[in-house]
Amino acid sequence: MSFPWAKPYEPQHPLMKWMDEKLPIPRLVYNATGPGYPVPRNLNYFWNFGVLAGAALVIQIVTGIVLAMHYAANAGVAFNSVEHIMRDVNAGWFIRYAHMNGASMFFIVVYLHIFRGLYYGSYKAPREMVWLLGVVIFLLMMATAFMGYVLPWGQMSFWGAQVITGFFSAIPVVGDPIRVWLLGGFAPDNAALNRFFSLHYLLPFVIAGVIILHIWALHIPGSSNPTGIEVKDEQDTVPFHPYYTAKDGFGVGVFLLVFVALTFFSPNLLGHADNYIPANPLSTPAHIVPEWYFWPFYAILRAFTFNFLWIDAKLWGVIAMFAAIALLFFLPWLDSSPVKSSNYRPLNRIFFWLLVLDVFVLGWCGKSPAEQPYVFLSQFCAAYYFAHFLIILPIISRIERPLPMPNSITEAVLAKHADDKSAATA
Amino acid sequence: MVRPLGFLVGLGFIAALLCAIFTTPLTNEPNASHAFHKEPKHLALSSDGLLPHWDKAKLQRGMQVYKEVCSACHSLNLVAFRDIADLGYSEGQIKSFAKSYDTIPSINPDTGEPSTRTGLPSDHFPAPYANETAARAANNNALPPDLSLITKAREGGKNYVYSLLTGFQNPPANLPKELQPPTGLHFNPYFANLNLAMAPPLHDGQVTFADGSPNDVKAMASDVAAFLVWTAEPKLVKRHQVGWAAFIFLLIFTGLTYMSYRNIWADKKH
Amino acid sequence: MASETETTAGIEDGVRRRDFINIAAVSFAGVGAAAVVLPLVNQMNPSADVLALSSTEIDISAIQPGQAIKTSWRKQPVFVRNLTPVEIAEAKKVPLSELRDPQTIDERTKPGKENWLITLGVCTHLGCVPLGAAEGENRGDYGGYFCPCHGSHYDTAARIRKGPAPKNLAVPPYEFNSDTVVTIG
């Protein structure tokens with residue numbers, strides 16, 4: 001579907017006409033990311049991150065396929081095969097560091113994309129399905145990243161696999177058998193490494209498939225925008241191409257600058273020294289931490305230290321960690337405010353920034369050792385995290401009085417420019 | 001339905017966390033060893049920073065220290081003789097260097113018995129012990145780690161290696177009894193546990209350098225730390241060179257895309 | 001494309017300059033993509049450790065006249081054969097005009113060492129390993145090597161004489177370090 005004023009695809013060249021009759025892929029592209037997709041004219045730079053996440057996935061798939069040509073998924077040689085890539089394979093160090101830091105870049109842009117959605121209410125009707133599919137992508141990304149981190153078979157790889165599969169052993173009765181089944185053994189070893197490699201190779205293509213659904217679902221109502229007001233007429237929109245292809249091109253440039261700076265000048269900044277020690281099942285590193293993108297969730301996991309009711313602390317931690325992500329599935333129905341953009345929701349805006357702060361503190365606690373004050377902070381902030389989504393958000397969406405809103409996107413744009421002009425003359 | 005249920009679930013998590021907060025002591029167990037542990041000293045090397053280069057003479061000296069001192073206990077498994085071309089050695093020098101090792105594991109072609117042969121440039125530095133068990137047996141059950149990646153595998157990297165090598169000292173007078181080095185261990189404030197199995201490996205004047213460079217403990221520790229930066233990341237200099245080319249290219253590209261973006265939007269208010 | 005949405009028509013120079021910037025940006029993207037493709041293609045070339053194994057030393061002192069050994073160089077089989085005077089004479093007798101890939105035995109051996117025939121054991125047809133290097137194997141109709149895959153016959157100078165192979169067995173680069181040691185590669 002599209003808006004009635006969307007530019008129709010009219011192939012001129014006979015070859016394109018022939019193609020359009022047989023397999024209309026050019027038509028699909030034209031209507032999805034070409035001149036045939038009208039997009040609100042007022043998107044700000046926060047709307048760049050969807051395309052950037054797609055770019056990051058492409059980078060990961062391309063570098064990953066190449067790495068798989070040299071990597072050996074065998075517990076005996078995996079560590080050395082990665083070092084073989086780093087030392088002997090032509091440009092191997094570049095490809096491996098690009099893949100390693102590409103994962104971090106992927107999470108950076110996806111977190112910005114998620115927080116964009118939270119601030120501007122992109123999860124609200126009519127885009128609930130876009131949001132739900134996005135949460136699915138996020139879960140798949142986390143699984144893929146975890147399994148990828150195991151592959152170099154360093155100390156953090158091994159103990160990460162040990163701890164994360166340990167979550168499952170928290171499940172009563174069936175937990176231990178499930179963990180043994182997942183690992184194909186009683187501790188991470190060759191069987192686990194091989195299946196993680198297989199799944200690590202598979203899941204990115206599943207992610208690509210869900211991304212297609214995510215974009216499909218997006219194209220039914222069309223893109224949201226910073227005012228949260230739906231598109232009313234042609235004036236409110238511009239064609240995706242050339243307007244947003246140009247803007248996304250600039251976004252990709254900035255993204256690549258950051259990516260290149262990380263990959264070439266500080267490739268191990270976001271990694272951990274212990275992963276350059278080969279896996280040793282007999283000795284745990286003094287301080288095990290996951291990769292940075294899991295820190296907030298790791299802090300939530302560790303915050304539960306009390307056997308509350310009939311559930312022990314370990315199971316509470318695991319349930320809470322999964323719940324912290326799973327509650328995002330219910331977000332479109334937890335927040336009942338009809339106003340989307342927090343630009344017009346003074347109360348929600350305050351709590352949004354408190355949530356951002358909360359997640360940063362959780363991340364910091366997840367990185368730090370399990371001592372005070374981090375334990376207290378992670379307990380407090382984990383409580384606030386659940387309070388935000390499950391208690392505060394439903395309440396404020398009832399009691400909040402939104403600010404006056406413009407009638408249309410165009411009116412908002414023109415008002416902004418009038419302000420700029422009067423500010424310039426003043 | 002979602003909101004009331006969510007409310008209850010939220011209260012459940014908060015209640016569990018409040019119980020956790022009230023049952024967790026707010027003070028940490030005192031850890032005496034923290035007070036005696038020191039952060040590594042800074043070691044400046046030519047391979048630091050955004051425009052690094054290798055100080056080849058220093059790397060050669062570092063390799064000599066490794067060969068004459070460290071290699072008695074520590075392996076360097078990931079480094080091949082051919083790799084030392086980076087240190088400024090010619091093909092002929094590499095061949096004769098490799099040949100000076102006669103402990104490369106091999107198989108006697110006539111009998112099939114395990115034997116040894118002299119090294120070739122394609123061989124890796126031979127390990128001092130046949131396996132982990134042998135290494136532990138010879139070192140009072142402590143395993144001397146492989147040094148190939150040591151500057152990447154320890155927090156602090158080169159600074160840590162340098163500080164550890166120069167940091168052996170007598171335990172301070174106020175060191176509690178339980179932290180005193182047990183027999184066979186040596187006090188070093190830069191080591192996580194304060195007491196490590198390695199005896200001070202370097203002594204002033206231990207290695208004689210052909211170029212007459214200083215050979216006190218600090219100089220040798222600095223040389224071998226520089227060498228171990230290279231063994232851990234042999235592509236470090238090349239990486240920065242390629243990085244700058246890519247970065248400058250992308251700066252221009254990003255500038256152009258910005259101009260193109262402004263251009264295309266010139267007639268649209270947004 | 002920018003010109004399509006241009007509201008003020010008729011600024012010819014402006015339009016051209018604007019298009020130029022768009023074209024420049026797209027061209028830069030193309031150049032950058034090509035620069036990234038290079039390492040991604042090059043990574044499939046032999047890595048440094050593979051290249052480092054490109055020379056092999058072999059001891060030939062134990063090979064009696066008429067015998068051959070099979071060894072390996074770059075993971076490919078190499079035949080080292082100590083020719084008898086009769087075999088050398090046989091090879092020299094053949095007129096070059098009768099050969100599919102004309103080469104004399106002198107061109108295929110080192111001066112003064114013409115009894116040492118060192119060739120790759122890779123049939124030039126489709127890459128099977130010919131028979132004839134080991135004791136008792138079929139040496140083909142011309143007393144050299146015989147490839148069982150598709151029936152190529154090589155003579156005592158390992159030149160192709162019969163069957164589908166187009167070329168003689170290749171002679172790798174090698175040097176005599178001494179009378180008994182040869183370095184291949």
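Student: How do the axes of helix α10 of chain A and α9(B) cross?

Tutor: Two packed helices are described by the angle between their axes and the distance between the axes. In this predicted model, the axes of α10 (residues 240-265) of chain A and α9(B) come within 8 Å and cross at roughly 165 degrees. Angles over 145 degrees count as roughly antiparallel, and α10(A) and α9(B) are therefore roughly antiparallel to each other.

Student: What is the handedness of the crossing in which α10(A) passes α9(B), and which classes of residue make up the contact?

Tutor: The crossing of α10(A) past α9(B) is left-handed. The contact of α10(A) with α9(B) has 20 nonpolar, 7 polar and 2 charged residues.

Student: How many residues of chain B and of chain A are in contact?

Tutor: The size of an interface is often given as the accessible area lost when the parts come together. Here the description is by residues in contact: 49 residues of chain B touch 52 residues of chain A. On the side of chain B that touches chain A, two or more residues each come from α1 (2-23), α6 (150-153) and α9 (236-264) of chain B. Of these, α1(B) gives the most, with 16 residues. The classes on that side of chain B are 29 nonpolar, 12 polar and 8 charged residues.

Student: How many residues does the contact take from chain C and from chain A?

Tutor: That contact takes 12 residues from chain C and 13 residues from chain A. On the side of chain C that touches chain A, α1 (12-42) and α2 (48-52) of chain C each supply at least two residues. The largest share of that side, 4 residues, comes from α1(C). By class, the side of chain C that touches chain A has 7 nonpolar, 4 polar and 1 charged residues.

Student: Within chain A, at what angle do helices α11 and α14 pack?

Tutor: Helix α11 (residues 295-303) of chain A packs against helix α14 (residues 346-367) of chain A at an angle of about 75 degrees, with the axes 7 Å apart. The range for roughly perpendicular is 65 to 115 degrees, and α11(A) and α14(A) are therefore roughly perpendicular to each other. Among the residues of α11(A) in this contact are Trp295(A), Tyr298(A) and Ile300(A), while α14(A) contributes residues including Val359(A), Leu362(A) and Cys365(A). The residues of the contact divide into 8 nonpolar, 2 polar and 1 charged.

Student: How is the crossing of α4(A) and α5(A) described?

Tutor: Helix α4 (residues 78-87) of chain A and helix α5 (residues 92-119) of chain A have axes that come within 5 Å and cross at roughly 120 degrees. These two helices are therefore oblique to each other. Val82(A), Ile85(A) and Met86(A) in α4(A) meet Gly92(A), Trp93(A) and Arg96(A) in α5(A). By class, the contact has 4 nonpolar, 1 polar and 1 charged residues.

Student: In what order do the 3 strands of the open sheet in chain C lie?

Tutor: Strands of a sheet pair through backbone hydrogen bonds, either parallel or antiparallel. In chain C, 3 strands form an open sheet in the order β5-β6-β7, with antiparallel pairing. The edges are β5 (143-147) and β7 (160-162) of chain C, each with a single partner strand, so one side of each is left without a neighbour in the sheet. From one strand to the next, the twist averages 35 degrees.

Student: How many bridges join β5(C) to β6(C), and how many join β6(C) to β7(C)?

Tutor: The antiparallel strands β5(C) and β6(C) are joined by 4 bridges; Gly143(C) has Asp155(C) in β6(C) as its bridge partner. These two strands form a hairpin with 4 residues between them, and Gly151(C) in the turn has a positive phi of about 75 degrees. Strand β6 (residues 152-155) of chain C is joined to β7(C) by 2 bridges, again antiparallel, and His153(C) stands opposite Lys162(C) in β7(C).

Student: Is β5(C) mostly covered or mostly uncovered?

Tutor: Strand β5(C) is mostly covered, as 4 of its 5 residues are buried.

Student: Where is Gly167(B) found, and which residues does Gly167(B) touch?

Tutor: Gly167(B) is in the loop between α7 (157-166) and β3 (186-187) of chain B. With 18 other C-beta atoms within 10 Å, Gly167(B) is partly exposed. Not counting residues up to four places away in sequence, Gly167(B) touches Asn188(B), Pro189(B) and Tyr190(B).

Note on methods:
Residues numbered from 1 in each chain as written. Chains lettered and ligands numbered in written order. Predicted model: local features only at pLDDT ≥ 70, side-chain atom pairs only at ≥ 80, totals over all residues. Axes fitted to C-alpha atoms, helices over the stretch in contact; angles between N-to-C directions. Parallel < 35°, antiparallel > 145°, perpendicular 65-115°, else oblique. Contact = placed C-beta atoms within 7 Å. Nonpolar A, V, L, I, M, F, W, Y, C, P; charged D, E, K, R; others polar. Buried ≥ 20, exposed ≤ 12 C-beta atoms within 10 Å, placed from the backbone. Pairing = 2+ DSSP bridges. Left-handed = near helix turned anticlockwise from the far one by under 90°.
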